[in-house]
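This report looks at a few local features of one protein model. Keep the sequence and the structure in view while reading.

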Amino acid sequence: MPTTVFVVGSLNADQLLEVPAFPAAGETVLASDVLITAGGKGGNQAVAAARAGAAVVMIGALGDDAHGRLVRRALTESGVDTGWVVTADGTHTGTAVVAVESGGENRIIVASGANARLTREHVEAGLAGAAPGDLVLLQLETPVEVVAHAARFAKGRGATVVLNAAPAPADTGSLTTDIDLLVVNEGEMRAVAGLAGADEGGDGPDVTGTVLTTSRALDCVVVCTTGADGAYVNVGDRVVHIPAVPVTAVDTTAAGDTYTGYLAAALARGESDLPAALATASAAAAVTVTRRGAMASIPYADEIGESSTYARAETAATVGSTDSTELTTKG
């Protein structure tokens, strides 16, 4: 039976504004362009996994509006199964306003809309087909209690659970109990580490130290992305650095989602070398940041050839160990 990536998460219409610089408080700036595209962390990651070659099922909610139809069409055109994407009555499709500076950095404001209507019952129905070997990918733009329930239900089905803790949670509660792999950026990792009691006071340890303490506190593998500095992952009691592919960024909006989706696809197809899987994810994200938009910027697997070769070679040079680098999951 083919292995499937189930994505439980948000679906948004992104309104992308290109600005010369972010406005200060009380300041108005003129955007040079506006683009309305499909997005949302869940949707972006589903598309990334599908374009990486995985069979993907999306579980989420849209409004009964033009934006909802735009997002559903974008998912379908990328090969994502939208049979478990419901249309919620009486609310709008989730909306994100994304301001992008000339250097590619962004600031995002999200109105949840239909994403807030995602229920435990709908998630259970969508995940009923999950089986051992499948992977369930989660983020935090939908209600946290629903995300935690999805993780618990997925583990009950024998699936591997990956959580992209973005945006950073205000409380973990039981959220991390059933997580096999946590994907975070530096700010998100500090937030999760603090909630898990894994920080060490003061300014805290460096990235490698926080990766290890967070991994031990949560009993899962931790991947921390650091932008142009690459990513860090714990392999047992050591931390491996995955170099980034050097590029000139024009829009970083979907970089993290591309990274996470490609990683999920690699794990779903049985990639046994975790650093190598992360190198491929890094190569895909590098292509994404050279393009504008969210889903529209995510590359297909055949578009990252040279970048992937570079990333894997650089990663192999940094690992330098014969220790196992395979992801192990909780029982």
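A crossing of two helices is called left-handed if the near helix is turned anticlockwise from the far one by less than a right angle, and right-handed if it is turned clockwise. The model discussed here is a predicted one.

Which hand does the crossing of α7 and α8 have? The crossing of these two helices is right-handed. Helix α7 covers residues 255-268 and helix α8 covers residues 274-288. Their axes come within 8 Å and cross at roughly 145°. On the α7 side, the contact is made by Ala255, Thr258, Tyr259, Tyr262, Leu263, Ala266 and Leu267. On the α8 side, the residues in contact include Leu274, Ala277, Leu278, Ala281 and Ala285. Sorted by class, the contact of α7 with α8 has 12 nonpolar residues, four polar ones and no charged ones.

**Helix α6**

Helix α6 runs over residues 207-218, which makes 12 residues. At 1.5 Å a residue, α6 should span 16 Å, and its end C-alpha atoms are 16 Å apart, so the two values agree.

Is α6 mostly covered or mostly uncovered? Helix α6 is mostly covered, with nine of its 12 residues buried. The buried residues are Val207, Gly209, Thr210, Val211, Leu212, Thr213, Thr214, Ser215 and Leu218. Among the elements that cover them are helix α5 (186-195) and the strands β10 (181-185), β11 (221-225), β12 (231-235) and β13 (238-242). After α6 comes Asp219, which has a positive phi, near 55°.

**Cysteines and a glycine**

A disulfide is a covalent bond between the sulfur atoms of two cysteines. To be counted as one, the two sulfur atoms must lie within 2.5 Å. By this rule the model has zero disulfides. Cys220 is in no disulfide, and the nearest cysteine sulfur, that of Cys224, is 13 Å away.

Gly187 is found in helix α5. From Gly187 to Thr225 there are 38 residues in sequence, while the C-alpha atoms of the two are 9.8 Å apart in space.

| Residue | Relative accessibility | Class |
|---|---|---|
| Cys220 | 6% | buried |
| Cys224 | 0% | buried |
| Gly187 | 35% | partly exposed |

Methods:
Residues are numbered from 1 along each chain as its sequence is written. This is a predicted model: local features need pLDDT of at least 70, side-chain atom pairs count only at pLDDT 80 or more; totals for chains, interfaces and linings use all residues. Side-chain values use heavy atoms; hydrogens and water are left out. Buried means under 20% relative accessible area, exposed over 50%, partly exposed in between (1.4 Å probe, protein chains only). Helices (H or I, at least four residues) and strands (E, at least two) are DSSP runs, numbered from the N terminus. The expected span of a helix is 1.5 Å times one less than its number of residues. Contact means heavy atoms within 4.5 Å. Axes are lines fitted to C-alpha atoms, for helices over the stretch in contact, and angles run from 0 to 180 degrees between N-to-C directions. Ala, Val, Leu, Ile, Met, Phe, Trp, Tyr, Cys and Pro count as nonpolar, Asp, Glu, Lys and Arg as charged, and the others, Gly among them, as polar.
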